Amino acid sequence: MVKATNEQKKQMSLYYQQHKEENKIRHHEYYITHRKQWQVKQHTDEERLKARQRNAELKTKTMNLYGGKCECCGETEIDFLAIDHVNGDGNKHRKTFKGSIYQWLKKNNYPSVGFRVLCHNCNMATRYGRICPHKRKGEQNVT
Ligand SMILES: [Zn+2]
Ligand SMILES: [Zn+2]
């Protein structure tokens, strides 16, 4: 067995040292590039969050202006509520503008006719001119 000479040992530790530095630099570069990507992502996330908050505020304001609850069943949970087109031409109307209905209503000074608040259940149930089960139950109680 050949014993490593002092010279060889020195070279080995030198090799190790050099590679340690290289690795350190590589890790640093990795960190720098990914930190940049992370900061960019962080920035856009923040923008998106702010936009979402603005939309939520606008939605709350709009809902409150239109009564703040489902006209059919009285649901008040804002997440369940949506603006409904009274005469049912929502799809046609939605094609005439970009963005949300809340922005459109704001731009048009919140028209008092043609729109009402419905929860998603009642909204779905009254599509195509159908009668919401809530109302049907009411009718059954009357008769
Ligand atoms: Zn409802
Ligand atoms: Zn209903």
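Here is a short chat about the predicted model above.

Trainee: Hi! What should I know about the model before I start?
Mentor: This is a predicted model, where local features need pLDDT of at least 70, side-chain atom pairs count only at pLDDT 80 or more, and totals for chains, interfaces and linings use all residues. Residues are numbered from 1 along each chain as its sequence is written, and chains are lettered from A and ligands numbered from 1 in the order in which they are written.

Trainee: What is the mean pLDDT of the protein chain?
Mentor: The mean is 89, and 93% of the residues reach 70 or more. pLDDT is the predictor's confidence in each residue, from 0 to 100. Confidence is lowest in helix α5 (residues 133–142), with a mean of 70, and highest in β2, at 96.

Trainee: OK, how many helices and strands are there?
Mentor: The protein chain has five helices and two strands. Both are DSSP runs numbered from the N terminus: helices are H or I with at least four residues, strands are E with at least two. From the N terminus on, the order is α-β-α-α-β-α-α.

Trainee: Is the chain compact or spread out?
Mentor: The radius of gyration is 32 Å, well over the 15 Å that the globule rule gives for 143 residues, so the protein chain is more spread out than a compact globule. That radius is taken over C-alpha atoms, and the rule is 2.2 Å times the number of residues to the power 0.38.

Trainee: And helix α1, how far apart are its end C-alpha atoms?
Mentor: They are 86 Å apart, which agrees with the 88 Å that the 60 residues of α1 (residues 6–65) should span at 1.5 Å a residue. The expected span is 1.5 Å times one less than the number of residues. Just after α1, Gly67 has a positive phi of about 110°.

Trainee: How many of the residues in α1 are buried?
Mentor: One of its 60 residues, so α1 is hardly covered. Buried means 20 or more other C-beta atoms within 10 Å of a residue's own, exposed means 12 or fewer, and partly exposed is in between, with C-beta atoms placed from the backbone.

Trainee: Switching topic, which residues form the largest nonpolar core?
Mentor: There are eight: Cys70, Cys72, Leu81, Val117, Leu118, Cys119, Cys122 and Cys132. Strand β2 (residues 115–119) gives the most to this core, with three residues. Such a core is a set of buried Ala, Val, Leu, Ile, Met, Phe, Trp, Tyr and Cys residues joined through C-beta atoms within 7 Å.
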